Amino acid sequence: MRLRLVPRTRGMSPAEGAAHWTVLQDTRALTRSETTEFETWLEVPANADALRRAHSAMSLFDSASAGSDPNLRALRQAALDATPPRQFPFRLAGGGLAAASITALVVFAGVFQTSSPPGHVAPRSIAASSTPAVEPSNQTPTEYASGVGERRMVHLDDGTAITLNTRSRIQVAYTKDRRLVRLLRGQALFEVAHQPLRPFVVEAADRQVTALGTIFEVRLEPGSVNVLLVRGRVVVDRIPNANSQFVAATQPAILKPGEQFVAELGAPQKVATVDVTRQLLWRDGFVEFDNVSLGNAVAELNRYTNKPITLSGDGVSALHISGVYKTGAPDQFVDAVQGILPVTAKPTADGGLALSLVEKTK
């Protein structure tokens with residue numbers, strides 16, 4: 001007897017089954033036997049609910065605007081290319097059995113769910129997963145800024161929460177089809193409310209970060225753009241038609257939790273795995289250094305004060321230091337450094353402190 005292709009959804013979770021049927025229906029029309037199995041599977045309430053979530057997610061990628069957005073196309077391709085760890089056998093025509101993996105949508109693996117990365121950092125606010133779209137009453141972009149040493153929380157109408165680090169400024173311009181934020185200066189952590197039909201886009205320099213509902217950080221400096229992904233999945237790409245400040249990206253970078261994207265002047269963009277907990281210590285008013293030069297450590301701490309630490313030209317900046325230090329407290333840092341390194345401190349005319357090497361006695 002000739003057997004037709006019949007996938008075995010028995011044993012799959014509702015999410016896995018919904019991913020399977022969504023991808024299969026997106027690829028081709030179901031056969032008669034597949035339609036019968038699908039209708040039987042759909043009679044289970046949990047399966048029907050999972051399928052509605054899958055279709056809601058896929059509707060984003062099937063919209064007209066998604067077709068012209070390379071980042072949304074990249075998210076869709078990542079979804080279709082993703083392979084889950086479990087494998088399920090298929091009954092093939094002719095009676096033979098073969099092992100074939102079910103293609104799982106990223107909706108259930110990262111893009112539309114909040115999977116926790118290593119070194120998980122809990123969000124400071126709750127971004128509602130079903131917050132209705134709120135149309136802005138004013139189309140003029142709204143700006144938010146933080147002062148020196150200030151950490152400011154901004155709550156947007158759609159449920160998104162943004163934490164601005166010291167000396168930071170953003171510009172918010174929501175439309176019906178897209179939620180757009182421009183990072184004009186500094187560093188911000190975005191806890192994005194889930195809205196499948198309205199992507200959340202952050203622009204910084206000539207790069208844009210596209211997300212749907214996730215947690216990520218963007219830091220803008222004169223010579224670099226950094227994107228740290230805490231939860232979910234994002235795409236980092238060049239802004240279309242933007243004047244290139246960095247080396248042009250050959251293709252979008254799709255980040256996973258715990259990864260950091262870096263674009264620097266004169267260097268190819270790169271993605272690396274980092275310690276998320278260490279990277280986000282600034283939310284609690286601290287910064288951690290792991291064998292970094294004193295010059296880089298001082299530059300980081302000076303972001304948080306109007307009384308900067310200065311370094312002499314005698315080579316003191318080349319010394320290395322490790323440890324966790326409080327931001328906005330240069331006096332405490334200098335006291336700690338003097339107890340670790342061969343340096344001495346003197347007050348400056350502007351109220352700051354100057355570090356130099358301890359002179360060797362003859």
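Reader: What makes a residue a contact of Thr163, and which residues are in contact with Thr163 when its neighbours within four places in sequence are left aside?

Author: Contact means heavy atoms within 4.5 Å. With neighbours within four places in sequence left aside, Thr163 is in contact with Arg152, Met153, Gln187, Ala188, Leu189 and Trp282. The model is a predicted one, in which local features need pLDDT of at least 70 and side-chain atom pairs count only at pLDDT 80 or more, while totals for chains, interfaces and linings use all residues. Residues are numbered from 1 along each chain as its sequence is written, and side-chain values use heavy atoms, with hydrogens and water left out.

Reader: Why does Thr163 count as buried?

Author: Buried means under 20% relative accessible area, exposed means over 50%, and partly exposed lies in between, with a 1.4 Å probe and protein chains only. Thr163 has 9% relative accessibility, and therefore counts as buried.

Reader: What makes β8 "mostly covered", and which other strands are joined to β8?

Author: Of the 13 residues of β8, 10 are buried. Six bridges join β8 to the antiparallel strand β7 (residues 169-174), where Tyr174 has Arg179 of β8 as its bridge partner, and a hairpin leads from β7 to β8 through four residues. With β9 the sense is parallel, over four bridges, and Val181 stands opposite Val202 in β9. β8 also pairs with β11 (residues 215-221) in the antiparallel sense over six bridges, and there Leu189 has Glu217 as its bridge partner.

Reader: Why is a set of residues called a nonpolar core, and what does the largest one hold?

Author: A nonpolar core is a set of buried Ala, Val, Leu, Ile, Met, Phe, Trp, Tyr and Cys residues joined through side-chain atoms within 4.5 Å. The largest has 30 residues, and those with the most contacts inside it are Ile162, Phe190, Phe216 and Val218. Strand β8 (residues 179-191) gives the most to this core, with four residues. A second, separate core has 17 residues, including Ala297, Ile309, Val316 and Phe333. Not counting residues up to four places away in sequence, Phe216 touches several residues, among them Phe190, Phe200, Val209, Leu229 and Val234.

Reader: Why is strand β10 described as largely enclosed by the rest of the structure?

Author: Five of the five residues of β10 (residues 207-211) are buried, so the strand is largely enclosed by the rest of the structure. Both faces are covered, with Arg207, Val209 and Ala211 buried on one side and Gln208 and Thr210 on the other. In a regular strand, side chains alternate between the two faces of the sheet. β10 pairs antiparallel with β9 (residues 200-204) over five bridges, and antiparallel with β13 (residues 234-238) over four bridges.

Reader: What makes a space a pocket, and which residues line the largest one?

Author: On a 1 Å grid over the protein atoms alone, a pocket is an open set of points with protein on both sides within 12 Å along at least five of seven lines, whereas in a cavity a 1.4 Å probe fits but cannot get out; lining residues have an atom within 4 Å of a point. The largest pocket is lined by 27 residues, of which Arg219, Gln260, Gln279, Glu288 and Glu300 lie nearest its centre. β17 gives the most to this lining, with six residues.

Reader: How do you know how much space lies in the largest pocket?

Author: Grid points are joined across faces, edges and corners, and a volume is the space filled by probe spheres set on the points. Computed in this way, about 830 Å³ of space lies in the largest pocket.

Conventions
Helices (H or I, at least four residues) and strands (E, at least two) are DSSP runs, numbered from the N terminus. Two strands pair if DSSP finds at least two bridges between them.
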